[in-house]
Amino acid sequence: MKTRLIASLLILGLFACNNSNKNESSDSGEQQEANEDTVTSVSYAIDTTSLVNWKGSMIGVYAHEGTISFKEGSLTITGGIVSEGVFVVDMSSMVTTDDDALYEMAPREKLIGHLQSDDFFSVETFPTSSFTVKSATEGSITGDLTIKGVTNEETVTNVSINEDGGKLSASGNLTFDRQVYGISYKNTMGDMVLADEIELRIELLATKK
């Protein structure tokens with residue numbers, strides 16, 4: 001009799017533990033689903049006052065710097081990370097911002113005219129350049145960069161994103177090889193003294209749609 005009583009108690013104990021584990025598992029699953037439901041996506045329209053700061057160098061001599069303005073664009077933020085995005089810049093908006101001392105031999109307008117010519121960016125034929133997001137992590141964004149009709153995969157690094165009251169500000173760095181986009185000076189000797197790497201610092205402002 002005593003043996004049967006002990007066995008019955010053991011069975012009841014195991015049954016209770018099993019139900020407890022099931023309940024905990026169920027609660028955990030429901031909590032995970034609730035957390036997933038709280039991750040929302042927010043879409044923003046790019047403010048055309050956003051800028052791309054560019055820097056091109058003559059090897060061992062000096063560098064020219066300037067900006068290019070955005071024509072249009074949008075991005076979507078999901079869980080603090082860029083999940084979608086398309087950005088278009090107006091190549092005709094290219095200006096220089098570096099020191100006047102670099103233009104003692106020739107005016108700024110001459111440099112810009114040369115950069116926009118077929119020797120470099122062929123702006124008349126290709127008035128815009130673009131970047132389309134493919135994937136992103138917390139600190140980087142990888143996507144397709146298109147310049148002069150040529151597309152290559154590039155990565156924006158040191159990405160920083162701030163959202164506040166329907167406004168967004170973001171920044172990041174991108175360095176690309178101009179040669180793979182056909183941005184090469186027809187004067188071979190002249191092209192050899194130019195660094196292949198063009199450095200970009202992107203500064204975005206956007207408003208919630």
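## Close-up views of a predicted model

**View 1. Strand β6 sits largely enclosed by the rest of the structure.** The strand spans residues 141–147, and five of its seven residues are buried, so the rest of the structure largely encloses β6. The model shown here is predicted. Buried stands for a relative accessible area under 20%. β6 pairs with β5 and also with β7.

**View 2. β5 and β6 form an antiparallel pair.** β5 covers residues 128–136. Six bridges hold the pairing of β5 with β6. V133 has G143 of β6 as its bridge partner.

View 3. Opposite I147 stands V150 of β7. Two residues separate the strands in this hairpin. K148 adopts a positive phi there, near 55°.

**View 4. A salt bridge joins K134 and E153.** The N to O distance is 2.7 Å. K134 belongs to β5 and E153 to β7, so the contact ties together parts that lie 19 residues apart in sequence. How accessible is K134? Its relative accessibility is 46%, so K134 counts as partly exposed. Side chains of opposite charge can pair when their charged atoms come close.

**View 5. D98 and R108 meet in a salt bridge.** Their closest N and O atoms are 3.3 Å apart. D98 lies in the loop between β4 (81–96) and α2 (108–115), while R108 is in helix α2. Ten residues separate the two, and the pair links distant parts of the chain. Is D98 buried or exposed? D98 is buried, with a relative accessible area of 10%. R108 is partly exposed at 22%. D100 joins in as well: D98, D100 and R108 are linked in a network of salt bridges.

**View 6. R178 pairs with D196 through a salt bridge.** The closest N and O atoms of R178 and D196 are 3.5 Å apart. Both residues sit in loops. R178 is in the loop between β8 (167–177) and α3 (188–192). D196 is in the loop between α3 and β9 (197–208). The two are 18 residues apart, and the pair links distant parts of the chain. R178 is buried, with a relative accessible area of 3%. D196 counts as partly exposed, at 27% relative accessibility.

**View 7. The whole protein sets the close-ups in context.** There are three helices and nine strands. Along the sequence they follow the pattern α-β-β-β-β-α-β-β-β-β-α-β. The protein has 209 residues, of which 31% are buried. Among contacts with a separation of 6 or more, 56% are between residues 24 or more positions apart. The accessible surface comes to about 12,700 Å². Carbon and sulfur atoms account for 53% of that surface. How many salt bridges does the protein contain? The count comes to five. Among them are D98 with R108, K134 with E153 and R178 with D196.

Terms used: Residues are numbered from 1 along each chain as its sequence is written. This is a predicted model: local features need pLDDT of at least 70, side-chain atom pairs count only at pLDDT 80 or more; totals for chains, interfaces and linings use all residues. Side-chain values use heavy atoms; hydrogens and water are left out. Buried means under 20% relative accessible area, exposed over 50%, partly exposed in between (1.4 Å probe, protein chains only). Helices (H or I, at least four residues) and strands (E, at least two) are DSSP runs, numbered from the N terminus. Two strands pair if DSSP finds at least two bridges between them. Contact means heavy atoms within 4.5 Å. Accessible areas come from the Shrake-Rupley method with a 1.4 Å probe; for residues, only the protein chains shown count as cover. A salt bridge is a side-chain nitrogen of Lys or Arg within 4 Å of a carboxyl oxygen of Asp or Glu.
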